[in-house]
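Student: I should like to learn how to read the helices of a protein model. May we work through one together?

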Amino acid sequence: GSPIRFQGQGSDWKAGSVAMDPALFYRGALMLLLVMTVALSYAARPKATDDLPVGFPSFMATYLVVWAVATLGDWMQGPYVYDLYDSYGLSHQETDGILVAGFASSGLAGCFVGHLIDRCGRKASCMAYCIFFIISCALMHFNSYWAMLAARAINGVGTSLLFSSFECWMVSEHTQRHKFPESLKAFMFGLMYTCMYIMGIASGFLGELVTGISAFGAWSDDSTFHTGGAIHSFDLAIVFLCIALLCIVVLFDENYGTQDAQCRIALPREGILELSLLGCVVCLFEASLFVFVSEWFRCITRFNFQPSIGSLFSMFMMACLCGASTSTLSSRIKPARRVAYSLVASLAIFLVISFALTLPADSIFGAVSVFVGFLAYEWNVGIYFPSVGILKSEVVPEEIRGTVYNLFRLPLNVIVCAMLLSGLTSVTKFRILVVFSSVGLACITALQVIRARKVRMMTSGPDGELGDGPGQQLTESFGGKPRGG
């Protein structure tokens, strides 16, 4: 039959004699995804198994309100940053250079920010995050490459603070000051991720609303200062960040790391291979994610018709929340296996996307394949992060956890910077991501084999029976069944 193409001026898609309104298609996809998000989130809603102790409800409300507003200030920048770069007339090479500055600053900050958070205080670090991001958003008003570069570098440092200082504050308050039960910590983390993704969904719709208030343009004919359009999204982010800063000042108490919590540079001799394999998995999957983040806008906009950026970003966040809910509902599948399944899914998704990007700009099949592939990948990301978090907690020794996590991020940022500076096409980049997923899958498979072998050695007694110690627990974490019971 005839190929499936856009028809006319892009107002209708036509396959043979069957026409379809693309706007109707995307609205239908949005409604379907919204229903799935609500249903899965309700099914996977966090549940506290113990009676809530005195003081916990107020602590929970305080933290989640501040966390939600703080992450909303971050999410508000996501949907329109590439649109703003495009409005300023930046080339792909200039945009990639700006992104490299952000990843490089985040990677460098990760080397020392953990120690500073413990030393200077977690409340102060949360406040610093807000200040860094306010400055970054303010710089987006200026049509200057150097202003964009500085904004992204500051944003990179702020991102390191966001995803470390708030969590450190919450864990310390939970365990040290209030001494709440450990079972409630998992409950808090469940609510924390749920709130974060809900704020991501809201940011897309809010951004779409505020960007239509006034048109994008310079303050005056000879001014580099711009207002309107996509910049309104960054202005609203500043409002939320100021609210978050005020809430932190009023509601948070200061806490610090322990005096003897020093990073140890030397890794243990035992388990070095496991750590290396896990590090490869983390680096390759998360480097693929960051490459995806840098490419999705130009991939979507290469086709003749695409959904609005705000709605698309909200759909991305819905898919991510669906993935997190799926991870919770599939908790009987062990985390290492879930990570392996995520890598298999990533491999297949990147293959489809890399093929779809070779199709003409008026191809309905290409547009739909990229759109669905991106949603599937975001769903997959939602499954990956809770799963790899548990796996890292099992493999990485507690006494060197901060050091190892930072070591994981160094090659990750090097890979992303190299990909951004390579000048490769989007098609080539996604083909490279197929290779990344394949290597990551080999690493997670090898890690499971090594850990399973260690379990057998630890749990085999004189008569070949399993004991009741750590080896038994590790066996169960891989889904093994006691041979003697």
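Student: Which residues are buried in α8?

Tutor: This is a predicted model, in which local features need pLDDT of at least 70, side-chain atom pairs count only at pLDDT 80 or more, and totals for chains, interfaces and linings use all residues. Residues are numbered from 1 along each chain as its sequence is written, and side-chain values use heavy atoms, with hydrogens and water left out. Buried means under 20% relative accessible area, exposed over 50%, and partly exposed in between (1.4 Å probe, protein chains only). In α8, the buried residues are I231, H232, S233, F234, L236, A237, I238, F240, L241, A244, C247 and I248.

Student: What span should the 21 residues of helix α8 have?

Tutor: Helices are DSSP runs (H or I, at least four residues), numbered from the N terminus. The expected span is 1.5 Å times one less than the number of residues. For α8 (residues 231–251) this gives 30 Å, and the end C-alpha atoms are 30 Å apart, which agrees. Likewise, the 22 residues of α1 (residues 22–43) should span 32 Å, in agreement with the 32 Å between its end C-alpha atoms.

Student: Which residues of α1 are buried?

Tutor: They are P22, Y26, A29, L30, L33, T37 and L40. Their arc, taken from the directions between the helix axis and the C-beta atoms, is only 110 degrees, so they lie on the same side of α1. On the other side of α1, the residues L24, R27, L32, V35, V38 and Y42 are exposed.

Student: At what angle do α5 and α6 pack?

Tutor: Axes are lines fitted to C-alpha atoms, for helices over the stretch in contact, and angles run from 0 to 180 degrees between N-to-C directions. Angles under 35 degrees count as roughly parallel, over 145 as roughly antiparallel, 65 to 115 as roughly perpendicular and the rest as oblique. Helix α5 (residues 122–139) and helix α6 (residues 145–177) pack at about 155 degrees, with axes 8 Å apart. Therefore α5 is roughly antiparallel to α6.

Student: How do α1 and α10 cross?

Tutor: The axes of α1 and α10 (residues 309–329) come within 9 Å and cross at roughly 30 degrees. The two helices are therefore roughly parallel.

Student: Is K179 buried or exposed?

Tutor: K179 has 61% relative accessibility and therefore counts as exposed. This residue is placed in the loop between α6 and α7 (183–210).
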